[in-house]
Amino acid sequence: MKRIYLARDITQAHLVVNLLEQQLIPAKIENSHQASGLGELAVSYPEVWVVREADAKRARSAIDAFEALGRATADDIACPNCEELNPANFDLCWACSADLE
Ligand SMILES: [Zn+2]
């Protein structure tokens, strides 16, 4: 199992999983609960994981191609450290925890 993508919401996570399945890459969504109960409002974003680590590179390029299509409306911030894309409201990179300027 390897985390490949952090989605903005569950809909986007499902889109990415479908995209990967079209490429015959088994993937699943983790951390998809919107609230964790007991009045605790966890800010959690659904993560997409590939089941086989060997698929990670192929999955990444499929997602890159997918994101390039939607680039016109995307407001993602590219991490200055690792170049991973982060949602505009993130302060720290989800992949490497670098400060997003
Ligand atoms: Zn980073």
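User: Leaving aside neighbours within four places in sequence, which residues is Asn31 in contact with?
Analyst: This is a predicted model. Asn31 sits in the loop between S2 and S3. Its C-alpha atom and that of Tyr45 are separated by 6.8 Å, although the two residues are 14 apart along the chain. With neighbours within four places set aside, the contacts of Asn31 are Ser44, Tyr45, Pro46 and Glu47.

User: Is Asn31 buried, partly exposed or exposed?
Analyst: The relative accessibility of Asn31 is 27%. Buried needs a value under 20%, and exposed needs one over 50%. Asn31 therefore counts as partly exposed.

User: What kind of aromatic pair do Tyr45 and Phe90 form?
Analyst: The structure holds one aromatic pair. In the pair of Tyr45 and Phe90, the ring centres lie 4.9 Å apart and the planes make an angle of 65°. Planes over 60 degrees apart count as edge-to-face. The pair of Tyr45 and Phe90 is edge-to-face.

User: How many residues apart in sequence are the parts that the pair of Tyr45 and Phe90 ties together?
Analyst: Tyr45 lies in the loop between strand S2 (27–30) and strand S3 (47–50). Phe90 lies in the segment after strand S5 (85–86). Both residues are buried. The pair therefore ties together parts whose separation in sequence is 45 residues.

User: What is the order of the strands in the open sheet?
Analyst: The chain has two helices and five strands. Along the sequence they follow the pattern β-α-β-β-α-β-β. Three strands form the open sheet, with antiparallel pairing. Their order is S1-S3-S2.

User: Why is one side of S1 and of S2 left without a neighbour in the sheet?
Analyst: The sheet runs in the order S1-S3-S2. Strand S1 (2–6) and S2 stand at the edges, so one side of each has no neighbour in the sheet. Each has a single partner strand.

User: Which residue in S3 is the bridge partner of Ala27?
Analyst: S2 and S3 run antiparallel. Four bridges join them. Ala27 has its bridge partner in S3, and that residue is Val50.

User: What is the geometry of the zinc ion site?
Analyst: The protein donors are Cys79 (SG), Cys82 (SG), Cys93 (SG) and Cys96 (SG), lying 2.2 to 2.3 Å from the zinc ion. Angles among the four donor atoms run from 106 to 113°. Four donors qualify as tetrahedral if all angles lie between 85 and 135 degrees. The site is tetrahedral.

User: What spacing do the donors of the zinc ion follow along the chain?
Analyst: The donors are Cys79, Cys82, Cys93 and Cys96. Cys93 is buried, at 3% relative accessibility. Cys96 is partly exposed, at 29%. Along the chain, the spacing of the donors is C-x2-C-x10-C-x2-C.

User: What percentage of the contacts between residues at least 6 apart in sequence join residues at least 24 apart?
Analyst: The chain has 101 residues, and buried residues make up 35% of them. Among contacts between residues at least 6 apart in sequence, the share joining residues at least 24 apart is 49%.

How values were computed. Residues numbered from 1 in each chain as written. Predicted model: local features only at pLDDT ≥ 70, side-chain atom pairs only at ≥ 80, totals over all residues. Heavy atoms only, no water. Phe/Tyr/Trp six-rings, centres within 6.5 Å; stacked < 30°, edge-to-face > 60°. Buried < 20%, exposed > 50% of the residue type's maximum accessible area, 1.4 Å probe, protein only. Donors = N, O, S within 2.8 Å, 3.2 Å for Na, K, Ca; no water. Tetrahedral: all angles 85-135°; square planar, octahedral: opposite > 155°, others 65-115°. Pairing = 2+ DSSP bridges. Contact = heavy atoms within 4.5 Å.
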